[in-house]
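Welcome! Open your viewer, get your selection tool ready, and let us take a short walk together.

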Amino acid sequence: MAAGSVTIATDFALIVLTAVALGYLFRLSGQPTIVAYLVTGIVLGPVFLDVITEGELVELMAELGLGFLLFLLGLKLRIDDIREILRPVINIALWQTVLQTALAFAVAYALGFTLVQTTIIALATVFGATPIIVKVLADKDELTSLPGKIDVGVLILQDIYLVVLLAILGADSFENPTTIAANIAEIFVLMAGIGVFSYLAARHVLPGLFRMVAGDREAFFIVGIAWAFLFIYGSMALDLSIEVGAFLAGLSLAQVQYTTELTERVRPLTDLFMVVFFSSIGLRIAADDLFEFWQEAVIASIALMLGNFLIMFYLINREDFTPETSFLGSINMVQVSEFSLVVGALAVQQEFIEEPILGYLSLMAIMTMSASTYLIKYNHQLYDLTRPLWARFESDDKRDVELKTYRDHAVVIGVDDVTEPVLPVLHETVGDVVIVDRNPETSDRFDDTPYDVIYGDFKHGELRKEAGLDRASVVLSSSVQSEINETAIREADDDALVIVESDGVDNAVDLYEAGAHYVTIPTVLAGIRIREYLTCYIRDRSAFRTLVDDDIGWLRSAAAGPSSVEPGSDRSKPGADRFDPDADRFDPDADRFDPDADRFDPDADRFDPDGDTDV
């Protein structure tokens, strides 16, 4: 092996190992791992150990890391998530961009930076830290709350602005105002063309394409990555940046139903590239460059966090949201984003600014992201402490928009012959029914029914959050995988009714011990049902014939498809004593089943084929 190859492999190994170690330490203290990746480059680079320089491999992977970061960002931007509040979000985002850019410009200029430096700093520090905000809010189960959706909507528009800015900074020439205007116009025209193609693909190509490969995990992953590189290639062929193509590729994929599963599949690869990208920023900075403007960075961080909060509060409050919503939506958005480093690194590459300015931006990102993590984590407590300050903004005209969120609903994990007949009953008694299934045909089968279908593997945490597992009042699993069922039991609300499936008696006992309210064992239940029918046949053949006719009728209805079985109809249950949807509804607030009392004893009252046939 050549010496150069050994050096490259050693550098890469050092980056990854250091990032893993620092990432673990940062997570223990509640800090974002992105900061750990940046510190990795600072530790290994000229600032401290100076054992790695930015070589060709690191540079290539850093460039891909930026592309995949934008691709993953696009995957999270579902227009439907903010459709209900689109108008106020657009107003907030547009004015926030203008006002926060002006604030950042004023602060940087007052601190003595040149006009060009001030302009780059102002353009770089206007973004919110999308990965951090989304991650912390998701962990707190507040991503689908009204403040969370307002922030996500603003971040979507900010990210579009970011892609445009990166494309402008990546242009070849800025010799005069005419050239700049021409470059900007060309960028917008090319982006519009790619955007139209992206929209048409999301509507007419991607659903069918992913439906074809969704059953094959490897093909599903490869198609997603290939789609990203198709857009990257097209973007580069049009002299646009990698980031533009990657972002639009993710944005088009975000509008199809397979997004959550694809995001989880792509995330490990994206995380690897992101480690190298943010580490590479630290590797570029010398110790003198990092700390040359440290006093200015401290002052600017405090000024921008306070100013950004007040600007966001004013803009959200102006849209007639309540003071609490305005406060929570504002305090989540006070940090200088990691994207300031993206803009700064590109500006250094294009020689608009020098390395010390990138060091200044890096220090601000580290300080504000670290502080904002705790601000978001304790946002409700901070509002309670400062509530008297916001009382003056209360009025009868301020009302929050009612958003549709899953709550006290039913989550059904997989649809099979056991769970499908229960769906109409759940819809009638509980309300919303969310089906989680990794069979791509399930979405088509239930397209005309009142049930919502999420494609993907239940093992993925983001998918469980999307389904609202921890807010469900009923959880029903048709999977016999112990890992899935134990996760469902562990993450379900303490008051939720949890029914799972097992392929054996021993596993069923374990699931009961884990907290399941009922464990269905199809093989055992089939034997019990046959015993009942056989006993009925011996005692009353006409009653037996009636039971069989009822079952045949139900099977014919089920074979016709789920839409033929209307919720609440007699076809919702085979056999006699049909369920009455208006009687004995499931009350999520009533006395819950006691999992520790009167449990099913798998060893008692077993059917004895050699014994008495009486039941």
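**Stop 1: strands and a helix**

Select E2, helix H20 (residues 440-445) and E3: together they make a right-handed β-α-β unit. Right-handed here means that, with the strands pointing away from you, the path from the first strand over the helix to the second runs clockwise. Helices (H or I, at least four residues) and strands (E, at least two) are DSSP runs, numbered from the N terminus.

Before going on, please note that this is a predicted model, in which local features need pLDDT of at least 70 and side-chain atom pairs count only at pLDDT 80 or more, while totals for chains, interfaces and linings use all residues. Residues are numbered from 1 along each chain as its sequence is written, and side-chain values use heavy atoms, with hydrogens and water left out.

Now colour strand E2 (residues 433-437) and strand E3 (residues 452-455), which pair in the parallel sense over 4 bridges; pairing requires at least two bridges found by DSSP. Which residue of E3 stands opposite Ile435? It is Val453.

**Stop 2: the nonpolar cores**

Next, select Phe71, Phe210 and Tyr360, the residues that touch the most other members of the largest nonpolar core, which has 96 residues. A nonpolar core is a set of buried Ala, Val, Leu, Ile, Met, Phe, Trp, Tyr and Cys residues joined through side-chain atoms within 4.5 Å. Buried means under 20% relative accessible area, exposed over 50%, and partly exposed in between (1.4 Å probe, protein chains only). Helix H12 (residues 259-284) gives the most to this core, with 10 residues. Apart from this core lies another, of 25 residues, among them Ala467 and Val498. In soluble globular proteins, nonpolar side chains tend to be buried together.

Zoom in on Phe71: leaving aside neighbours within four places in sequence, its contacts (heavy atoms within 4.5 Å) include Gly224, Phe247 and Val266.

**Stop 3: Thr97**

Move to helix H4 (residues 86-110) and pick Thr97. Is Thr97 buried or exposed? Thr97 is buried, because its relative accessible area is 18%. Its side chain reaches the backbone oxygen of Ala93 at 2.9 Å. Beyond its neighbours within four places in sequence, Thr97 is in contact with Val126 and Tyr161.

**Stop 4**

Most residues other than glycine have a negative phi. Select Asp320, in the loop between helix H14 (294-318) and helix H15 (323-331): its phi is positive, near 65 degrees. Finish at Asp408, in the loop between helix H18 (379-390) and strand E1 (410-413), with a positive phi of about 50 degrees.

Note on methods: Polar contact = N/O pair within 3.5 Å; in protein donor to acceptor, adjacent residues only side chain to side chain.
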